[in-house]
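Have the viewer open as you read.

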Amino acid sequence: MAQERDIKYVGKTFSDFRQQLIDYSKNYFPDTYNDFSPTSPGMMFMEMASYVGDVLSFYQDIQLQETFLQYAQEPGNLYNLAYMMGYRPKVSTAATVELTVEQVVPAISGSGQYIPNYSHAVTISENAILQSTTNPPVLFLVDNKVNFTFSSSYDPTQVSIYATTGNIVTEFLLQKKVKATSAEIKTTTVTITSPERFKTITVQDSNILGVLDVVDNNGAGETWYEVPYLGQDTIFIDQSNSGGSDSNLVPYVLQLQKVPRRFVTRFTSTGDLQVQFGAGTSGQSDSIITPDPTNVGLGQQFPVSRIDKAYDPSNFMFTGAYGLAPSNTVLRIRYLVGGGVESNVPSDTITTIISAPRSATIQTGFENRIQFTNPASANGGKDGDNSDELRENSLKAYSEQLRAVTKEDYVIRTLSLPAKFGSVAKAYVIQDQLSSTKSATDNIVDGNPLSLSLFVLAYDNNKKLTTASSTLRSNLSKYLSQYKLITDAINIKEAFIVNIGVRYDIVILPNFTGRDVLLSCTQALQDYFKIEKWSINQSINISALYTLLDRVKGVQTVQNIEIDNKVGGNYSQYGYDVKGATKNNIVYPSYDPCIFEIKFPDTDIVGRVTSL
């Protein structure tokens, strides 16, 4: 069985075994046996033994090969190795799309102008079900609720006039953007009697995307929460920030909740989904037990008899440290199925509303004037991971490890805070600097290698930079606490906002209109200084601005470009010496982390046409 193998543990083939048996016979039995011709009976037995050795060597190599992610071929082994590396395989990938949601509301008169009557504006619940007009039709779920009464920088409500009678505005059109996923909700129920340690339920279906929720149907309605692994006993939850002073910027407060009722999910290589619960069988939930000498060893069959017994600090009570096991209940499991290549539907096809529960302060029929559409096509849908994708994604997941280690890790993790907990616009991390409180000049005398300064800025409702509110900072602190190393300390601080303006002089080519060329130059500068493209402590290269304007059609020469500071009033309170910070045509930021922002591009960028 001479065959190429990725792993050669023994390193011997049929020919190697055969030659070794021949050499062994010649060395130890030279007089007893010396007929090594291919037709001799002795060679027959040697070749049979060589064959058996080759087969055993082959299967030994294959077994060893299946323990290496790079060489494993069996789907079951690949899935096990992927989970060990921290990657969750996909048996199907759903398509995603951005939908436009529109509602018509009546107008009311106020302060001498017409405004929308938001009493008729609806709130559409999450998981609204839509259907495409394609053949076959594809179902889509709306990811988040749609609240037409709320508007912020991350969830703006666009308002336009919809209908008029003479000079009177009668109706307005409210418009929002929302994400949707190609998925369908299915339900299965499981009856559980006596508790079982690490109870595992298998959900058999095709194209399973994941579990939506698990709830007890025994009257109590207890919810079970999904966690990455059973040893994790806390999850993130959101609570409405309706009473907060910054609720218009941060609609939800992030909280950590201890969850004794928890489960994990795991896909098998056949596409089935396994739901596994914890091992706790104590009648008392570990979430309400405070560690003290009276409950050490609670849940053991025999009481503590030795004071030197070893205990796991995470499970000193022997109860539900890995979650409670369900018992005497009926579990309702809702899960999502869908995805695949067929879920990539064209634009303007997701228009049919199957189910969209909505609520409004006033019920007069306007709550039904809702329309969904997808201006762009849905994409991203594909089949599950193949062998090569499993390997590459597993290696990638292993390097990520869901931990923030480097400065770049903290920046990315900060910017990934869900927008409903506050819009973190910019983030910048440096090693924390310790200052001497006794020095008259407050010189920097030391640095803490385990402490980081995280400078953040947020967006206001007009997508202008502003300082992070107290609720946003609190949410960010709780969010990062689950990913930072235990030895790291993070000080969340505010970066400085430096508002600037740009003035430029150009000479235009003959046969070009000065107004049109100026408009093109201003638009080029507005695009260059879009705040989404700028980061904290980024310098301004004036030479690059000269090159940018030189490339505008109709510009002959750029004579002058000046950057000036805008301070006070509607601008930032912090002044900045732009001229003193400019060297070799580069405007450098301050030592304290700051960011340059053109707050009002329509008025802060001014150009004029001059002559040579």
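## Ground rules

This is a predicted model, where local features need pLDDT of at least 70 and side-chain atom pairs count only at pLDDT 80 or more, while totals for chains, interfaces and linings use all residues. Residues are numbered from 1 along each chain as its sequence is written, and side-chain values use heavy atoms, with hydrogens and water left out.

## Lys-176

Look for Lys-176 in strand 9, residues 168-181 (strands are DSSP E runs of at least two residues, helices H or I runs of at least four, both numbered from the N terminus). Lys-176 is buried, at 1% relative accessible area (buried means under 20%, with a 1.4 Å probe and protein chains only).

So what does the side chain of Lys-176 make a polar contact with? One partner is the side chain of Thr-157, at 2.8 Å (a polar contact is a pair of N or O atoms within 3.5 Å; within protein, one must be able to donate a hydrogen and the other to accept it, and residues adjacent in sequence count only if both atoms are side-chain atoms). The backbone oxygen of Phe-150 also sits 2.8 Å from a polar atom of the Lys-176 side chain.

## Helix 1 and helix 2

Helix 1 (residues 14-28) packs on helix 2 (residues 41-65) at about 135°, axes 8 Å apart. Axes are lines fitted to C-alpha atoms over the stretch in contact, and angles run from 0 to 180 degrees between N-to-C directions.

How values were computed: Buried < 20%, exposed > 50% of the residue type's maximum accessible area, 1.4 Å probe, protein only.
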